[in-house]
Amino acid sequence: GINAEYMGNLSGNLNLHMSDSSESAKRLALYLGVSSLMGISAVLWNKYGCGSCKRGRGGDSAFNGGLTRIGGETGASGANSHLNNPFLTRDAARIRSNSIKGGTIINDLSLRLLKGEKYEGKVSITFEVTRLTQDLFLDFEGKTVNWVQINGFSENVGIIFNGKFINLPASRLKLGENTVVVSFENEYSHDGNGLHSFIDTDGKQYIYSQCEPYFAHRIFPVFDQPDLKGKLRLTAHAPAEWTVISNSIVLTRDDAEGYNLLWKFEETPVLSSYLFAFIAGPYKEFKASLPYKGIPSSIYCKESLAQYVEKMTIPMFEFLFEGMKFYEEYFKVPFPFSKYDSTFCPEYNWGAMEHPGAVTFNESLIWREANTKEQAVFFGVIILHELCHMWFGNLVTMKWWDDLWLNESFAQYVSIFCLSKITSKIHSLTFSDPWLLPVSYTHLTLPTIYSV
């Protein structure tokens, strides 16, 4: 799932930069050794089931077992096998990806984000079928499917929807372009996955999404696997006092009926479904006045934490903009997305998540008192780790979850390497040695940003 030419250039740059320092070479060897162990862990994890992605907390994810149920080869095979399984098997995912032309999927999604416990929406999905040997399917684990149309034909929801998948009969599909439209209703989650809702002590409600590894389909019907990338066209109705944030820039924000505003976003590049981001609520915004190359950049948080986050904006923007400059020069590829927002999320399960243009962070990263030098390094590495993913993970993406070890371990190594090169350009903080981070600090706090 990774572009060979891009990886060749990346490898060449890595060799070039590492060849002048034996100490750096030792560090790289250490990280590659760790990466190899992570790779072995990923194989065992995929085969035997040792927890869910980036959390290592087996059994308590929404699908009770994490990646094993996505990556496993067990279960019924053949036509319509997905209807006989309560989870997505890798065999079914392979058949689906072999039937749909990559890059042709467009998710035209309209969400009505309501206060309280419920929201509703409609999605029109267009895609090009290149092989039609059996039924295809959408993933959806929501409350209600109101109606489904496949190429203009209305379907019996009771027959094609089993609570996990929406079956797309081959008899309704055709070679070439197809369109499926689904109207649905759903409830916000309270486990940190899907579309999560939080009520602050001041009564204000905050919404954010978490789709990795296999939770986008808990929000809306979608082809939910990493190698079926698609574009997202989002419109969202939301209360007038809410801000809505997604992967791309806002095109229009207009008055709608009642107390709502209608937000329309620019179409995204092709993205894996686990990278889609939906964030809404009365978030406090801190906007960069002089962003790197004019790339719009803002930091968001709950209003109740704004007094602390405001003090962190200068170092956050310093890390971000110096990191962008470094990665562009190092990878020889310009920053690939239209904006870069950062949101601190309440009740967040992970350390951070690399949604293109809308990175999310755990609120526990917010400093409520004077920070230490080690905290400064750790915070910088997290920001640069997620920024690295804009190129390695988002622009180019693993084909399946058994390569997650490479996605995460590479980003972790390069983020520390980057910080070691830009430390002198960060003027708002003082640091300890970034290369001492793995043994001095990361094992003591927020291990959830790592894949194993």
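A polar contact is a pair of N or O atoms within 3.5 Å; within protein, one must be able to donate a hydrogen and the other to accept it, and residues adjacent in sequence count only if both atoms are side-chain atoms. The model is predicted, so local features need pLDDT of at least 70 and side-chain atom pairs count only at pLDDT 80 or more, while totals for chains, interfaces and linings use all residues. Residues are numbered from 1 along each chain as its sequence is written, and side-chain values use heavy atoms, with hydrogens and water left out.

**Lysine 339**

- K339 lies in the loop between α7 (313–331) and β17 (341–345).
- K339 counts as buried because its relative accessibility is 5%, where buried means under 20% relative accessible area with a 1.4 Å probe and protein chains only.
- A polar atom of the K339 side chain is 2.6 Å from the backbone oxygen of G357.
- The K339 side chain also reaches the backbone oxygen of S246, at 2.8 Å.

**Second largest pocket**

- The second largest pocket holds about 360 Å³ of space.
- Its lining has 21 residues, and V250, E285, S298, Y300 and D341 lie nearest the centre of the pocket.
- The lining of the second largest pocket divides into eleven nonpolar, five polar and five charged residues.
- β11 (243–246), β12 (250–255), β13 (260–265), β15 (284–287) and β16 (298–301) each supply at least two residues of this lining.
- β11 gives the largest share, four residues.

**Nonpolar cores**

- The largest nonpolar core has 104 residues, of which F127, I166, L168, F278, Y327, F344 and L387 touch the most other members; such a core is a set of buried Ala, Val, Leu, Ile, Met, Phe, Trp, Tyr and Cys residues joined through side-chain atoms within 4.5 Å.
- A second, separate core of 25 residues includes L88, Y206, Y283 and L404.
- Leaving aside neighbours within four places in sequence, F344 is in contact with residues including Y283, I299, Y300, F361 and F379.

**Isoleucine 150**

- I150 is placed in strand β4 (residues 144–150).
- I150 counts as buried because its relative accessibility is 0%.
- I150 and I125 are 25 residues apart in sequence and 9.7 Å apart in space, C-alpha to C-alpha.

Key. 1 Å grid on protein atoms, 1.4 Å probe; cavity = no way out; pocket = protein on both sides within 12 Å on 5 of 7 lines; lining within 4 Å. Points joined across faces, edges and corners; volume = space filled by probe spheres on them. Nonpolar A, V, L, I, M, F, W, Y, C, P; charged D, E, K, R; others polar. Buried < 20%, exposed > 50% of the residue type's maximum accessible area, 1.4 Å probe, protein only. Contact = heavy atoms within 4.5 Å.
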